[in-house]
Amino acid sequence: MNHLKTINPHTIRRILIRAPNWVGDAVMSTPLARAVRRHFPSAGITVLAKPWVAAVFEHSPDVDHILPYDSRSRHAGLRGMRRLCRDIRQHRFDLAVLAPNSFGSALVPWLAGIPLRLGYDTDGRGILLTHRVRMTKEKKQRHQIDYYLGILDGLSLPASGSDLTLSIPPAEQDRAREILEQNGTERTDGIIGINPGAAYGTAKRWFPERYAELCRKLRSDFPDMPVAVFGGPGEESLGETICGSVGDGCINLCGRTSLREAMALIRQCRLFVTNDSGLMHIAAALDVPQIAIFGPTDHTTTSPAGRRSHIIRVEVPCSPCLERECPPGHHRCMDAVSVTLVYEKAKTLLQPHHETS
């Protein structure tokens with residue numbers, strides 16, 4: 001029984017939102033945070049987030065506090081879970097809104113004594129929730145943004161729009177320009193960004209040699225626009241390989257920026273070319289013109305939601321397979337995406353005064 005339907009939202013003083021565990025998913029959950037803020041205007045809102053996604057919620061107008069959930073050190077194992085529950089209990093939350101579907105994400109607020117707990121009834125955790133949202137096949141096929149907003153069905157509350165929200169304060173924009181200048185980039189009012197990596201697995205990656213060829217062609221056509229290669233820790237050599245092939249005017253930022261710095265740098269881009277990844281959703285949230293290359297993943301549920309985002313994919317019988325790794329010789333979905341296909345779209349988007357709908 002959903003008792004909160006009869007409760008005045010102004011009586012809910014403290015809310016905990018359990019964030020998703022991946023950067024892209026965290027970005028796609030920002031409309032959920034905005035809706036929670038709208039429906040509970042008097043409540044303080046705290047986001048419980050893994051360290052690598054916490055940056056998504058920094059400076060958000062819809063979040064008051066970020067509570068770190070470090071499952072690799074402070075909150076590791078059973079002892080760490082007990083410590084996490086104590087950390088949460090100190091805040092005396094009235095309501096927990098659970099974006100992840102895991103059993104553990106519901107167990108922790110139950111153990112921490114949060115009286116009202118809202119989420120999908122997946123993974124056998126329905127007994128731990130006071131407000132359960134029934135999972136259906138239709139809900140699984142929604143875009144991930146709408147999937148998160150569907151959690152509000154458990155409180156019979158409407159969404160507040162599906163626009164993504166990321167905030168980049170002026171100091172961080174200044175830092176982005178400083179990073180570009182430190183890397184020898186004279187022009188800082190527009191760069192071409194590429195993101196050749198992907199955290200989930202190599203199957204989502206368009207081939208590095210094709211990214212390099214694309215960058216060489218774009219550098220030839222747009223010599224005043226430097227190319228910046230984005231990527232996380234462990235992708236430094238990927239960036240070095242591409243930069244070495246492209247030559248002057250290509251800088252390697254892989255593993256050399258924080259997520260907040262990467263966000264501010266993406267905002268500097270005149271164009272962002274990327275695989276399906278967390279940075280793709282960041283570019284969408286920042287309304288940066290981008291080309292998103294899709295292969296094994298389902299573009300109907302995880303496509304970038306920005307109005308200036310463009311998907312390039314080629315239909316093949318085995319896609320979307322949702323596999324992390326593709327067997328050798330079977331990467332048909334990415335092989336079908338030619339450099340020419342991406343280059344022609346990129347050239348169009350980089351033309352002066354180009355407008356996108």
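Predicted model: local features only at pLDDT ≥ 70, side-chain atom pairs only at ≥ 80, totals over all residues.

Colleague: What joins the side chains of Asp-87 and Arg-74?

Modeller: A polar contact of 2.9 Å.

Colleague: And is Asp-87 buried or exposed?

Modeller: Buried. Its relative accessible area is 14%, and the cut-off for buried is under 20%.

Colleague: Which helix does Asp-87 lie in?

Modeller: Asp-87 is part of helix H4, which covers residues 77-89.

Colleague: Which residues in H4 are buried?

Modeller: Gly-80, Leu-84, Cys-85, Asp-87 and Ile-88. Looking down the axis of H4, the buried residues fall within an arc of 160 degrees, so they line one face of the helix.

Colleague: What's on the other side of H4?

Modeller: Leu-78 and Arg-79 are there, and they are exposed.

Colleague: And what covers the buried residues of H4?

Modeller: The cover includes strands E1 (14-18), E2 (44-49) and E3 (65-68), along with helix H5.

Colleague: H5, okay. Which unit do E4, H5 and E5 make?

Modeller: A right-handed β-α-β unit. Strand E4 is residues 95-98, helix H5 is residues 103-111, and strand E5 is residues 116-120.

Colleague: Do E4 and E5 run parallel or antiparallel?

Modeller: Parallel, with three bridges joining them. Leu-95, for example, stands opposite Leu-116 in E5.

Colleague: Which residue in E6 does Gly-119 stand opposite?

Modeller: Arg-132. E5 also pairs with strand E6 (residues 131-133) in the parallel sense, over three bridges.

Colleague: How many of the residues of E5 are buried?

Modeller: Five of the five, so E5 is largely enclosed by the rest of the structure.

Colleague: New topic: helix H10. Which residues are buried there?

Modeller: In H10 (residues 236-246), the buried ones are Leu-238, Gly-239, Ile-242, Cys-243 and Val-246. They cover an arc of only 125 degrees around the axis, which puts them on the same side of H10.

Colleague: So which residues are exposed on the other side of H10?

Modeller: Thr-241 and Gly-244. As for the buried residues of H10, what covers them includes strand E7 (191-195), helix H9 (208-221), strand E8 (227-229) and strand E9 (250-252).

Colleague: What follows H10?

Modeller: Gly-247, and its phi is positive, near 90 degrees.

Colleague: Last one: Thr-274. Which strand does it lie in?

Modeller: Thr-274 sits in strand E10, residues 269-275. Thr-274 is buried, and its relative accessible area is 0%.

Colleague: What does Thr-274 touch?

Modeller: Not counting residues up to four places away in sequence, Thr-274 touches Asn-195, Tyr-211, Met-280, Gln-290, Ile-291, Ala-292 and Ile-293. There is also a polar contact of 3.2 Å between the side chains of Thr-274 and Ser-277.

How values were computed:
Residues numbered from 1 in each chain as written. Heavy atoms only, no water. Buried < 20%, exposed > 50% of the residue type's maximum accessible area, 1.4 Å probe, protein only. Helix = DSSP H or I, 4+ residues; strand = E, 2+ residues; numbered from the N terminus. Pairing = 2+ DSSP bridges. Right-handed = clockwise from strand over helix to strand, strands pointing away. Polar contact = N/O pair within 3.5 Å; in protein donor to acceptor, adjacent residues only side chain to side chain. Contact = heavy atoms within 4.5 Å. Expected span 1.5 Å × (residues − 1). Arc of directions from axis to C-beta.
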